[in-house]
Amino acid sequence: MNYDVVIVGAGPAGLAAAIRLKQQTPSLSVVVIEKAGAIGGHVISGAVMDPAALDELVPEWRSASGEAEIPVTDDRFFYLSAKKAWPLPALFMPRLMSNHGNFVVSLANICRWLAAHAEALGVEIYPGFAAAELVFDAEGAVIGVATGDVGLDREGRPGESHQPGMELVGCYTVLAEGVRGNLSKQAIARFALAEGAETPKYGIGFKEVWQVEPAQHRPGHIQHSFGWPLPDSTGGGSFLYHGKDNQVTVGFVVHLDYRNPYLSPFEEFQRFKSHPAIRRLLINGTRIAYGARAISEGGFQSVPKLAFPGGVLVGDAAGFVNVPRIKGSHNAVRSGMLVADHLAAALGAGRAADTLLSYDAAWRQSAIGADLYPVRNVKPLWSRFGTLAGIALGGLDMWAHQLFGRSLLGTLRHASADHEALEPAARHRPIAYPAPDGNLTFDRLSSIFLSGVNHREDQPVHLVVADAERQRRNEHDVFGGPSSRYCPAGVYEWIEQPAGPHLQINAQNCIHCKTCDIKDPEQNITWTPPEGGGGPNYANM
Amino acid sequence: MAILLLAEHDGSVLLDQTARALAAALEIGSDVDILVAGKDIGAVAETAAGLAGVRTVLKADADDLDHQLPEAIAALVLQLAEGYDTIAAPATSLGKSAMPRVAALLDVMQISDVIAVLAPDTFKRPIYAGNAIQIVQSSDARRVLTVRTSAFAPVAATGAAAIETVAFAPAEARSRFIEEQRGKSARPELGAARIVVSGGRALGSAENFQTRVVALADVLGAAVGASRAPVDEGYAPNDWQVGQTGKIVAPELYIAVGISGAIQHVAGMKDAKTIVAINSDANAPIFQYADYGLVGDLFELVPQLTAALAQTRS
Amino acid sequence: MKALVPIKRVADFNARIRVRPDGTGVDLANIKMSANPFDEIALEQAVRLREAGGVSEVIAVSIGSAQCRDVLRSALALGADRAILIRSDLTLEALAIAKLLATLVRAEGIGLAILGKQAIDDDAGQTGQMLAALLGWPQATFASSVELQGASAKVTREVDGGLQTIEVNLPAVITADLRLNTPRFVGLPAIMKAKQKPIEERDAESCGVSLGARLCVLRTEEPPTRKAGVMVKTVADLVDKLRLEAGVL
């Protein structure tokens, strides 16, 4: 099938691009494919949303989506010790950290609403189909994508009702896959888009939704923390948002440049909830949702070239997350809109399959650049100086921007790629995490049960270990098998067998967070898309 | 408040479900008649008459009722319906097939799979595969319901009800019995088995799975299940997998051998009436769900159990 | 011969449903909805019968809100020839559904209705049998194989403890069990094509049947949690408990 624009991923960036394209030029044919079985099923975000971009794209979202009901009314920031929570005076907060005017939302639900809006404008949206490959023309330009085969058996042989993939051809292809998309990764490598940019940086974010006692519920109250239970040398922190219907979102982020291979981000999150300040809120509540997803943390200096022959990167695929604000969805929407304007102009001029240089040139001067530039040193400082000193310095740097309009430090570089950060297990001791109590803290499997994750059983394992022997020698023997700890879904298990350790891959558990693809020390694991429709089924995430 | 209960039998023997459904019926009201329908079912009617609390057994013995095809049974029930304000059947293949026909022709809405009687017109029933329980009240003048028999204990066989013969006036039959393959596979189907024996990763090999899990299942006439690990590792076939991504089972007895109790597995068997766990790890999560737990080496305990059961069964 | 396959839109079988804290039902907000899996099996069977020549046209029907168009689109993509939406915003019970289906069967001159054996939301398992009763048709519930033989169908049923094969005169109602078939994968081209096909709509209120609810759901509860178990010391203990206490041996 031929379209003007093929968009991969029905998240905020992809849907914003689709909507803006139809707003600009209603006659354009626009298709969006989405690997989740239903729109929003793979969307997970905090989320306190900066509404500015959505207000510009579709102002009626406020009245029609039902997601603009909980404005932020009370915004706190804490440093945690094991027993205490020390509030940071609001006075110290740089203005750009303010959440005034923002809303506590479910980004998945916003995407559901945006998708319906896009369809009403004539955008074709097909959930349940994963884009497995880029399609190139003879000159090597991207001319679309191909969906994956369905109905292959475990060995990759076509089964009884095998359906081959289908090519979706477009004048331009928009990769809106979110963080570490499989096609984005290929495009970045093939077209050397990361050349000249800093190495990308990532975190892993966890989110649970809790139904709390009405007496504990303060809609619009939000708080963030850093410190306990993470050691000062490991970046990360928590978020806690009171939303609608007596529901509270509690989340935790661990920067993936952590060094100790025994660290388990999942268990750090579980432990975090046992802090007296958090336990009090949740202890009589019920956990109703769980999910996890990698987060882009490289910021301004890690953004790759965004345009390549026939295609562009937008949203988190481009890395547009503001780390100290832990927000990216506003930039995702903005980048979708920005690229749509440039695409509409190019298509109007009869262009196709060329490199949309104007978009790549425009983002730094746009609202996205203005959002990311002043905070660009926070992450490098945090990684280099640890949490306390790093955040203090990052704060000073943001103040410098606020007061003098420029940084004192220039633009700092990122130290190294996240997969290079791990140190051999021999240099560390295993961490004894408390056993889950099944009430406030949980194990991985009872957690992913809530994510509604499923993959059809009889299909090729979509987590591809290039060299099993190398995985054993390196990931297991040197690093002590960190995959069993960094994976938030229990996909990886090292089983000690008489014949030697064996990496058991429970691919059906995968919630598509992409952390393995990022953190595996030798980059020997590749996340590939499973059959469309597989993965988590997030409801209100 | 008379109640008509359709008996469940296999043509020669009254099945346990009848006594259990009778317990539910007696919670609705005291005037319970049991309808035994079929061909040459005198002995079945005798057994039914012996159940405690039965008012009368209605015996419908006719060629046209042979094999208890649902259309004929429904027609018979409708002929008798006049005198009853509640008509019930165990939620068996027959009850589930015949009773909605009865309900539709009486123009009432059936209440399926009753698990508790709260009032003569108010019942509990599971929805969403047991993930939620509904309390429903019927506004129909007559109630038609099927009873999930595992939720009720059978009444004792201490009664002595009178047996009345009822005539059946068949309409033209539009469906014909051809054949029946009882227990076609020697092993019951996993989803419908009364007893399931499941093995987990601790078995370690296909051979161990056969000699431990399958051998125990053989003695019990049970279906064989597995957690995900043996399936993933290839020593149990795909269609044995019990759990969130496999089959959901709710047998009367579930024996988990060497299964740690990952939630995905538990999701597939937590509705079993009685759960037994045998595992060497006393901290295995499976023990949180087990009615009876036995900690120890399965390679010792399971053969012991198999031997003990073989002895009691013979 | 025309075949009719009703499709119910239900919470996807992977979705985690949750009882509302106030007991007023199950929270379905933003949950993935799909065609009832047993209905998909029924549809696959109807399409296979058409492909084999015994059925001339497969009509899929859904009854409910405008959102049911989604499952009808999927039905068209899987192979239904036509799709009909009977619109109603009421929560309709099996009896009302059966009555609406009966009117459609008569209006369309349907010769074979294949339904899922039950819907995975309310688990009632009644509609097929009720439809058969209202039409005065024979029925074959829980089918695991279906063979058309001119004026009759030979159906193997999954019954307690085995398989039963019966022959039903046509027209008839068949309800599909899990092992009847595995529905085919629907490819993107079929879904794109289905998007172009019309969905006929009619209004449930104008079908001339009573739609009122007969059951009132007073409350919806979480299932009870299991009571704590006991640890036994020996195999002999275990056998005793199973026999005497649990009564399962």
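**Domains, strands, core and helix**

Analyst: In this predicted model, chain A is assigned three stretches of structure: domain 1 (2-62 + 107-197 + 304-374), domain 2 (69-104 + 200-296) and domain 3 (377-404). The C-alpha centres of domain 1 of chain A and domain 3 of chain A are 32 Å apart. For chain B the assignment gives domain 1 (2-165) and domain 2 (190-313), with 33 Å between their C-alpha centres.

User: What is the mean pLDDT of chain C, and what are the ipTM and pTM of the model?

Analyst: Chain C has a mean pLDDT of 94, and 100% of its residues reach 70 or more. The model has an ipTM of 0.92 and a pTM of 0.91.

User: What makes strand 12 of chain C mostly covered?

Analyst: A residue is buried if 20 or more other C-beta atoms lie within 10 Å of its own. In strand 12 (residues 172-176) of chain C, five of five residues are buried. A172(C), I174(C) and A176(C) point one way, V173(C) and T175(C) point the other way, and all are buried.

User: Which residues have the most contacts inside the largest nonpolar core?

Analyst: They are L5(B) and L22(B), in a core of 340 residues. Helix 3 (residues 94-108) of chain C gives the largest share of this core, 10 residues. Beyond its neighbours within four places in sequence, L5(B) is in contact with A21(B), L22(B), A25(B), V32(B), I34(B), L35(B), A88(B) and A89(B).

User: Why are the buried residues of helix 14 of chain A said to be on the same side?

Analyst: In helix 14 (residues 468-476) of chain A, the buried residues are Q471(A), E475(A) and H476(A). They lie on the same side because they cover an arc of only 75 degrees around the axis. The face turned away from that side carries the exposed residues E469(A), R470(A) and R473(A). The buried residues of helix 14 of chain A pack against strand 20 (463-465), helix 15 (483-486), strand 21 (492-497) and strand 22 (500-505) of chain A.

Technical notes:
Residues numbered from 1 in each chain as written. Chains lettered and ligands numbered in written order. Predicted model: local features only at pLDDT ≥ 70, side-chain atom pairs only at ≥ 80, totals over all residues. Domains from an automatic or database assignment. Buried ≥ 20, exposed ≤ 12 C-beta atoms within 10 Å, placed from the backbone. Helix = DSSP H or I, 4+ residues; strand = E, 2+ residues; numbered from the N terminus. Core = buried A, V, L, I, M, F, W, Y, C linked by C-beta atoms within 7 Å. Contact = placed C-beta atoms within 7 Å. pLDDT = per-residue confidence, 0-100. Arc of directions from axis to C-beta.
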